[in-house]
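Here is a friendly walk through a protein model. Have the sequence and the 3D view ready as you read.

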Amino acid sequence: LTINLYVSVHGSEVKTGKKSKLQTFQPVRYDCDFVNMWSSTNHPDNYPSSAHWSPPIIATHSSNYQMWAADALASAGIESVAETGSPSGLINEMKSEGDNVGNY
């Protein structure tokens with residue numbers, strides 16, 4: 001699994017990883033590339049016959065929102081994604097955060 005996130009500001013592309021110094025009024029575009037390396041060819045032992053990925057969720061958020069934390073229990077939304085593959089509970093949790101969570 002490889003996920004590459006890039007931030008594009010007025011056409012210049014930079015890899016993320018550092019705190020953004022952009023003002024909130026500047027337009028920003030996020031692109032995410034998902035590269036699936038999980039396959040029966042690459043992982044022949046115990047590869048499930050019904051292998052699939054849950055729909056991805058990518059969200060922008062303020063420092064006031066935390067999706068998970070070390071040594072803490074998962075929220076019901078995270079648990080639902082892990083156990084059923086459904087992102088709807090997590091999306092509802094993010095919606096309930098108001099301005100702390102932006103686009104998703």
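## How confident is the prediction?

Among the elements of this protein chain, helix α2 (residues 88–95) has the highest mean pLDDT, 92, while strand β2 (residues 12–15) has the lowest, 44. The term pLDDT stands for the predictor's confidence in each residue, on a scale from 0 to 100. Over residues 1–17 the pLDDT is below 50, yet this stretch has 41 contacts in the model beyond near neighbours in sequence. A contact here means heavy atoms within 4.5 Å. Where pLDDT is low, the predicted coordinates should not be read in detail. For the protein chain, the mean pLDDT is 76, and 71% of the residues reach 70 or more.

Residues are numbered from 1 along each chain as its sequence is written, and side-chain values use heavy atoms, with hydrogens and water left out.

## The overall layout

Buried residues make up 12% of the 104 residues in the protein chain. Buried means under 20% relative accessible area, exposed means over 50%, and partly exposed is in between (1.4 Å probe, protein chains only). Among contacts between residues at least 6 apart in sequence, 49% join residues at least 24 apart.

## Two helices side by side

Two packed helices are described by the angle between their axes and the distance between the axes. The axes of α1 and α2 come within 7 Å and cross at roughly 160 degrees. That makes α1 roughly antiparallel to α2. Angles over 145 degrees count as roughly antiparallel, under 35 as roughly parallel, 65 to 115 as roughly perpendicular, and the rest as oblique. The axes are lines fitted to C-alpha atoms, for helices over the stretch in contact, and the angles run from 0 to 180 degrees between N-to-C directions.

Which residues make the contact? From α1 come Ala76, Gly77, Ile78 and Val81, and from α2 come Gly89, Leu90 and Glu93. The residues of this contact divide into four nonpolar, two polar and one charged. In this grouping, Ala, Val, Leu, Ile, Met, Phe, Trp, Tyr, Cys and Pro count as nonpolar, Asp, Glu, Lys and Arg as charged, and the others, Gly among them, as polar.

## Stops along a loop

Now look at the loop between β3 (29–35) and α1 (76–84), where you can find Ala59. Ala59 counts as partly exposed because its relative accessibility is 24%. Ala59 and Tyr30 are 29 residues apart in sequence, and their C-alpha atoms are 9.9 Å apart in space. Ser62 also lies in the loop between β3 and α1, and with a relative accessible area of 25% it is partly exposed. The C-alpha atoms of Ser62 and Asp99 are separated by 8.0 Å, although these residues are 37 apart along the chain.

Asn46 lies in the loop between β3 and α1 too. Its phi is near 60 degrees, a positive value in a residue other than glycine. Is Asn46 buried or exposed? Asn46 counts as exposed because its relative accessibility is 78%. Asp71, in the loop between β3 and α1, has a phi near 65 degrees, again positive in a residue other than glycine. Asp71 is exposed, with a relative accessible area of 86%.

Conventions
Predicted model: local features only at pLDDT ≥ 70, side-chain atom pairs only at ≥ 80, totals over all residues. Helix = DSSP H or I, 4+ residues; strand = E, 2+ residues; numbered from the N terminus.
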